[in-house]
Amino acid sequence: MTGTSIEALRAHADKTPIATWLNYAVELQGDEIIHRLGFDERHIGNPTIRALHGGVTAAFLEFSAQIAIAARLKPGTKVQTINAAVDYVASAKDRDLLARVEITRLGRRIAFATVECWQNNETAVVATAQVCCRLLP
Amino acid sequence: MTAYSAADNATSVATINLKTDHHRAIAAGGRAICEGACVSLRNEVAQMRGAVTDAETGELIASATGAFILSLQKATA
């Protein structure tokens, strides 16, 4: 456990329209926090192979990192992405995406997070991201 | 889209990686302009650069570099 309650994560996620668009949810699997993108037709990037759009994957990874970071901070602290680097390891199919966020460092002004996501098999990673955020009181 | 058009015989494009730098926020409802350019195209890998600017003020909103793998149609003899 990261010391973050699932309620704190949900409180942050519920505030924003992007969460609705992504069909985003957080859940507890055992003692681990898992972020979920609920698949929707609007997430398709390539209709021929029914693959998720890379931008959707990137937005989901970045958003999950922001939520995980925000939940660890004083309420009201703004979390602005400085940059995000995404590696598309495999193509993502037309089903839910699950993600795990590891906060590498939570500083006073900056936070770093590594995110990885998968679909049906946890060991078959679909994409990974390195996200760096500026923290503003 | 620019990577796709950089090679005239590309049949599909897949993103390998993308790094995005966020510079400033744009107001909701604002208009944005996106430009993309091909930095290099070699061994079926297109290295691209792109930027999003505010259509009204011209200020930079975000910039990105990305690598894309292209599937090229074989030249017919």
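Q: Is the crossing of helix 1 of chain A and helix 3 of chain A left-handed or right-handed?
A: In this predicted model, the crossing of these two helices of chain A is right-handed. That term applies where the near helix is turned clockwise from the far one by less than a right angle.

Q: What makes helix 1 of chain A oblique to helix 3 of chain A?
A: The axes of helix 1 and helix 3 (residues 54-70) of chain A cross at roughly 125°, coming within 9 Å. Roughly perpendicular ends at 115 degrees and roughly antiparallel requires over 145, so helix 1 of chain A is oblique to helix 3 of chain A.

Q: Which residues make this contact?
A: Helix 1 of chain A contributes A:Leu9, A:His12 and A:Ala13, while helix 3 of chain A contributes A:Phe63, A:Ile67, A:Ala68 and A:Ala70. Six of the contact residues are nonpolar, one is polar and none is charged.

Q: Why is one side of strand 1 of chain A left without a neighbour in the sheet?
A: The open sheet has 10 strands with antiparallel pairing, in the order 1(A)-2(A)-6(A)-7(A)-8(A)-5(A)-1(B)-4(B)-3(B)-2(B). Strand 1 (24-29) of chain A and strand 2 (32-42) of chain B stand at its edges with a single partner strand each, so each has one side without a neighbour. From one strand to the next, the twist averages 25°.

Notes. Residues numbered from 1 in each chain as written. Chains lettered and ligands numbered in written order. Predicted model: local features only at pLDDT ≥ 70, side-chain atom pairs only at ≥ 80, totals over all residues. Heavy atoms only, no water. Pairing = 2+ DSSP bridges. Helix = DSSP H or I, 4+ residues; strand = E, 2+ residues; numbered from the N terminus. Axes fitted to C-alpha atoms, helices over the stretch in contact; angles between N-to-C directions. Parallel < 35°, antiparallel > 145°, perpendicular 65-115°, else oblique. Contact = heavy atoms within 4.5 Å. Nonpolar A, V, L, I, M, F, W, Y, C, P; charged D, E, K, R; others polar.
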